[in-house]
Amino acid sequence: MPKPLVAILLGSDSDLPIMAETVRVLNDFDVAHEILVSSAHRSPERTAHYVKSAPRRGVRVFIAGAGGAAHLAGAVAAGTTLPVIGVPLPGSELNGLDALLATVQMPPGVPVATVAVGKMGARNAGYLAISILALGDRRLARRLEAHKKKMAAEVEERSSRLPAALRRILSSK
Ligand code: RP5
């Protein structure tokens, strides 16, 4: 088993369907990772202990996804100088706005790189972790560049399909 470079913490196993998107991105780039449930509020000691021990196993970037009063990413950032990415998750009565504010509003000196709410953010957390790792990994940097080029080519391809799509829309009732 390769050493995990990225640690993904979930506030609850109920967060897995969304945070699986982070895993999908890391898998696409063959980035080794580990994933666990640990809550800022319900298991603060487990979280603090994990954050201290993870770098010894090779972890270089933390990703934390949580909903509601989402302090997990902040609790991780409190215990490390490694980069921490926070994914605010929806599902509460406030649809993730609570998690967004709780994750993003960190005090100076304890940053959390907060991505978008939900699946889009979960995917971007993976990409951002890869960007950070790519600073010291040329092979990964090249794969990220290739991915960007592929996205740009896809935009051109979609654009080229517009005239036909427009004709279909305009000719239908
Ligand atoms: C948060 O509360 C978790 O991250 C999850 O998004 C939410 C609900 O957790 P469960 O009640 O499903 O365990 O701490």
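At what angle do helix α1 and α5 pack, and how far apart are their axes? The angle is about 30°, and the axes lie 8 Å apart. This is a predicted model. The protein has seven helices and five strands.

**Overall layout**
- Along the sequence, the elements run β-α-β-α-β-α-β-α-β-α-α-α.
- Taken along the principal axes, the C-alpha atoms fill a box of roughly 65 × 45 × 30 Å.

**Helix pair α1 and α5**
- Two packed helices are described by the angle between their axes and the distance between the axes.
- Helix α1 covers residues 16-28 and packs against α5 at about 30°.
- Angles under 35 degrees count as roughly parallel, so α1 is roughly parallel to α5.
- The crossing of α1 past α5 is right-handed.
- On the α1 side, the contact is made by Pro-17, Ile-18, Met-19, Glu-21, Thr-22, Arg-24, Val-25 and Leu-26.
- On the α5 side, their partners are Lys-119, Ala-122, Arg-123, Ala-125, Gly-126, Tyr-127 and Ile-130.
- By class, this contact of α1 with α5 has nine nonpolar, two polar and four charged residues.

**Helix pair α5 and α6**
- Helix α5 spans residues 119-134, and helix α6 spans residues 138-160.
- Their axes come within 8 Å and cross at roughly 135°.
- α5 and α6 are therefore oblique to each other.
- The crossing of α5 and α6 is left-handed.
- From α5, Tyr-127, Ile-130, Ser-131, Leu-133 and Ala-134 take part in the contact.
- From α6, Leu-140, Ala-141, Leu-144 and His-147 meet them.
- The contact of α5 with α6 divides into seven nonpolar, two polar and no charged residues.
- Tyr-127 and Ile-130 of α5 are among the residues that meet α1, and both are also among those that meet α6.

**Ligand surroundings**
- Around the ligand are Gly-11, Ser-12, Ser-14, Asp-15, Arg-42, Ala-66 and Gly-67.
- In the side chain of Ser-12, an N or O atom is 2.7 Å from an oxygen atom of the ligand.
- For the side chain of Asp-15, the corresponding distance to a ligand oxygen atom is 2.6 Å.
- Arg-42 places a polar side-chain atom 3.2 Å from an oxygen atom of the ligand.

- The side chains of Ser-92 and Asp-98 are joined by a polar contact of 2.8 Å.
- Ser-92 and Gly-68 are 24 residues apart along the chain, yet their C-alpha atoms are separated by 5.8 Å.

Terms used. Residues numbered from 1 in each chain as written. Predicted model: local features only at pLDDT ≥ 70, side-chain atom pairs only at ≥ 80, totals over all residues. Heavy atoms only, no water. Axes fitted to C-alpha atoms, helices over the stretch in contact; angles between N-to-C directions. Helix = DSSP H or I, 4+ residues; strand = E, 2+ residues; numbered from the N terminus. Parallel < 35°, antiparallel > 145°, perpendicular 65-115°, else oblique. Left-handed = near helix turned anticlockwise from the far one by under 90°. Contact = heavy atoms within 4.5 Å. Nonpolar A, V, L, I, M, F, W, Y, C, P; charged D, E, K, R; others polar. Near = heavy atom within 4 Å. Polar contact = N/O pair within 3.5 Å; in protein donor to acceptor, adjacent residues only side chain to side chain.
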